[in-house]
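The sequence and the structure are shown first, and the description follows.

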Amino acid sequence: MATALAQMEEVARKSAVVVELTDVHKFFGNLHVLRGVSVSVAEGEVVSLIGISGSGKTTLLRCLNHLERVDSGTVQVNGDLMGYTVDGNGRRRPSKPREIARRRREIGLVFQRFNLFPHLTALENVMSGPLRVLGAPKDEAKATAEQLLMRVGLGDKRDTYPAQLSGGQQQRVAIARALAMNPALMLFDEPTSALDPEMTGEVIDVIRELCDEGMTMIVVSHELSFIREVSDRVLVMDAGIIVEQGPPEAIFTAPRHARTRSFIANRLYTRVPLAGI
């Protein structure tokens, strides 16, 4: 009975839509990068994007938090339009910068490169968002930052500057900094691509823990074994469209689209081994 109840609660939690993209198009000059992408992500769902470089994965992430403005279509996070407001006549108008910044607070983004403030310690980097953006009291921001550094296994590095940390440690600080904003959604853009193979595992372990805790996540990665392990759903992108999507087992064992089969065949070697792939 308890197991059945837990399953029902899990279904209900994941029924709430956190992300809704509808017919999103994005151009860079004459280059049509996103070609009518539509996708929903439910609360607690882990959705991964795979595909060759240049297929539109990173641009899609950047449109989600309005680092890139969409040319047509809509992006909604927790029911709110990103980058636009609708006036009394139903017309869509660009949001003011302050409103865009407010909406971005709900989204944590971890880049390929760590983008830490070099003049701040690990602790100060994690404190920076709550202090400067949320206006949190210093003692509260410090306590939260200390807890998050412990959570990512870096409690002993709180007073260390980024230049004194390994790449894997810097990326874990970046994850802690994103979590300090208490986001509803976490975006990971190739979080291990800038790391040596031996440092990749420590970052992936942190992301696995977030998955286990029910964080809503969209992950771009070429670490296919990791993607297969943690994803609820995998989207395959090619030339700005989603050519195929489904549960990871279906995508990796019985892909339907030729581009999916080609991509997976060319990525058979992965740096994080997983039985069965």
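## Helices H6 and H7

In this predicted model, the axes of H6 and H7 come within 8 Å and cross at roughly 20 degrees. Angles under 35 degrees count as roughly parallel, so H6 is roughly parallel to H7. The crossing in which H6 passes H7 is right-handed.

On the H6 side, the contact is made by Gly167, Gly168, Gln169, Gln171, Arg172, Ile175 and Leu179. On the H7 side, Met199, Glu202, Val203, Val206, Ile207 and Leu210 take part. By class, the contact of H6 with H7 has seven nonpolar, four polar and two charged residues.

## Helices H5 and H6

H6 (residues 167-179) also packs with H5 (residues 138-151), at an angle of about 135 degrees and with the axes 9 Å apart. H5 and H6 are therefore oblique to each other. H5 passes H6 in a crossing that is right-handed.

Which residues make this contact? H5 contributes Leu148, Leu149 and Arg151, while H6 contributes Val173, Ala176 and Leu179. The contact of H5 with H6 divides into five nonpolar residues, no polar ones and one charged residue.

## The six-stranded sheet

Six strands form an open sheet with mixed pairing, in the order E8-E9-E10-E3-E11-E12. Strand E8 (107-110) and strand E12 (241-246) each have a single partner strand and stand at the edges, so one side of each is left without a neighbour in the sheet. On average, neighbouring strands of this sheet are turned by 20 degrees against each other, direction ignored.

Several of the pairings can be followed strand by strand. E9 and E10 run parallel and are joined by four bridges; Leu187 has Ile218 in E10 as its bridge partner. E3 and E10 also pair in the parallel sense, over four bridges, and here the bridge partner of Leu49 is Val220 in E10. On to E11, strand E3 (residues 46-50) is joined to strand E11 (residues 233-238) by four bridges, and these two strands run parallel. Val47 stands opposite Arg233 in E11.

Helix H2 (residues 57-64) lies across E3, E8, strand E9 (185-189), strand E10 (217-220) and E11, and runs at about 150 degrees to E9. Helix H7 (residues 197-212) lies across E3, E9 and E10, and runs at about 150 degrees to E10.

## The four-stranded sheet

A further open sheet has four strands in the order E2-E1-E4-E5, with antiparallel pairing. Its edge strands are E2 (31-42) and E5 (80-81), and each pairs on one side only. Strand E4 (residues 72-77) is joined to E5 by two bridges, the two strands running antiparallel. Val77 has Asp80 in E5 as its bridge partner.

H2 packs on this sheet, touching E1, E2 and E4, and the direction of H2 makes about 120 degrees with that of E1. H2 also lies across strands of the six-stranded sheet, E3 and E11 among them.

## Residues with positive phi

Asp23 lies in strand E1 (residues 17-28). Asp23 is not a glycine, yet has a positive phi of about 50 degrees. Why does Asp23 count as partly exposed? The relative accessibility of Asp23 is 41%, and partly exposed covers values between the buried limit of under 20% and the exposed limit of over 50%.

Ala239 is placed in the loop between E11 and E12. The phi of Ala239 is near 50 degrees, a positive value in a residue other than glycine. With a relative accessibility of 45%, Ala239 counts as partly exposed.

Key
Residues are numbered from 1 along each chain as its sequence is written. This is a predicted model: local features need pLDDT of at least 70, side-chain atom pairs count only at pLDDT 80 or more; totals for chains, interfaces and linings use all residues. Side-chain values use heavy atoms; hydrogens and water are left out. Axes are lines fitted to C-alpha atoms, for helices over the stretch in contact, and angles run from 0 to 180 degrees between N-to-C directions. Angles under 35 degrees count as roughly parallel, over 145 as roughly antiparallel, 65 to 115 as roughly perpendicular and the rest as oblique. A crossing is left-handed if the near helix is turned anticlockwise from the far one by less than a right angle, and right-handed if clockwise. Contact means heavy atoms within 4.5 Å. Ala, Val, Leu, Ile, Met, Phe, Trp, Tyr, Cys and Pro count as nonpolar, Asp, Glu, Lys and Arg as charged, and the others, Gly among them, as polar. Two strands pair if DSSP finds at least two bridges between them. Buried means under 20% relative accessible area, exposed over 50%, partly exposed in between (1.4 Å probe, protein chains only).
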